[in-house]
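Hello,

Here is the structure I promised to pass on. Please look it over first; my notes follow below.

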Amino acid sequence: MRILVTGGAGFIGSHYVRTLLGGGYPAYAGAAVTVLDKLTYSGNRDNLASVAGSFDFVEGDICDADLVEQLMPGHDAVVHFAAESHVDRSILGAGPFVTTNVIGTQVLLDAARRAGVGRFLHVSTDEVYGSIDEGSWTEEWPLQPNSPYSASKAGSDLLVLAYHRTHGMEVVVTRCSNNYGHYQFPEKVIPLFVTNLIDGRQVPLYGDGGNIRDWLHVSDHCAGIQLALEKGRAGEVYNIGGGRELTNKELTEVLLEATGRDWSAVRPVEDRKGHDRRYSLSHEKISNELGYEPAVTFEDGIAATVAWYKENRSWWEPLKTRAAL
Ligand code: NAD
Ligand code: TDX
């Protein structure tokens, strides 16, 4: 079996590749892996250093139709992580989000279809559902994305599902809540806050800090992706959630405690434009159909994550300097 992993040098994709090559997904033990990654600001080959030499790495753009067409044959499955992933960047400029997230997905789908690839797993996000005041989103919820990022992800989800209906491709879409864990690029709120706090700096809390996110450890997200890849029904969407819902203030309190800082380290700043108030995901479908259950408690996961950032300054410090964070 040979798997093409796009965006495998990013936060979640690299976790998936390290776990797969480390034997963490028994049904795929011995599978050969090709990583296709453009190495944008958030892609980093160091994320794959522990498995270097045990997979093929191709530095390239998913929008490069010639490259993708040439690479695709011989692969049995595609696990598609590659994306522009940061909401704040999409507010500053939507161009790369539409190009990579929508066009890049179309290029991959066409090449996979022509090469007769057996399975296409599209990694998406709960943000495509918009914002919800009460209750939790099921997969039937209408798509109401509010940021250019989530709109581009919604566009890619619909394209993927259309290739199932039109061409009969074996696609599966997963939509996950907010991830945290090792190797997350330090622009996202948890690693940004943790590394600032470790360094005695302040952290910028948007608006009133009352926005709610559902935090899931990256290993649970990847376990859900693997289940959907192996056993999900073609043409279906599976939500992956089950983490801990917290307001940003509550999350900040946890991170202040973990780093021995207090509220004087928190600087309230202007709210994000179009800031979604609450994300909440029902994962009943993937649990009932495929046996998914999250395994990492928020307490354990966040303690391990904070410890990892404390111990791995050499990983994040150059990234923050380069990105002026
Ligand atoms: P990330 O920004 O850490 O990684 C993205 C990777 O994609 C990087 O390695 C980057 O170099 C690569 N990439 C970007 N543009 C590319 C292109 N044109 N061609 C090839 N490679 C390209 O993002 P992440 O947090 O690991 O997210 C991975 C996927 O998971 C994304 O599709 C994202 O929408 C989805 N997702 C993320 C979260 C989250 O909380 N981070 C939650 C749900 C879903
Ligand atoms: O400096 C900050 N201050 C702050 O208050 C940052 C960067 C964020 N925030 C708030 C905004 C959000 O309410 O924290 C919350 C989380 O923000 P992000 O880490 O930027 O994540 P979010 O916008 O929720 O999107 C994330 O989850 C879903 C990922 O970046 C997406 O790729 C994923 O699809």
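A residue counts as near a molecule or strand if its C-beta atom, placed from the backbone, lies within 6 Å of it. Helices (H or I, at least four residues) and strands (E, at least two) are DSSP runs, numbered from the N terminus.

This is a predicted model: local features need pLDDT of at least 70, side-chain atom pairs count only at pLDDT 80 or more, and totals for chains, interfaces and linings use all residues. Residues are numbered from 1 along each chain as its sequence is written, while chains are lettered from A and ligands numbered from 1 in the order in which they are written.

First, the fold. The protein has eleven helices and twelve strands. Its C-alpha trace spans about 55 × 45 × 40 Å along the principal axes.

Next, ligand 1. There are 30 residues around ligand 1, and Gly7, Gly10, Ser42, Gly43 and Ala83 come nearest. Helix α1 gives the largest share of this shell, three residues. At least two residues each come from α1 (11-21), α4 (95-115), β5 (119-125) and β7 (178-180).

Then ligand 2. It is surrounded by 16 residues, the closest being Ser85, Thr125, Lys188, Val189 and Tyr206. Here β8 supplies the largest share, three residues. Both α6 (189-198) and β8 (203-206) supply at least two. Ligand 2 lies between two domains, because domain 1 (2-179 + 215-240) and domain 2 (182-213 + 245-274 + 297-322) both give residues to its shell. The domain bounds come from an automatic or database domain assignment.

Best wishes
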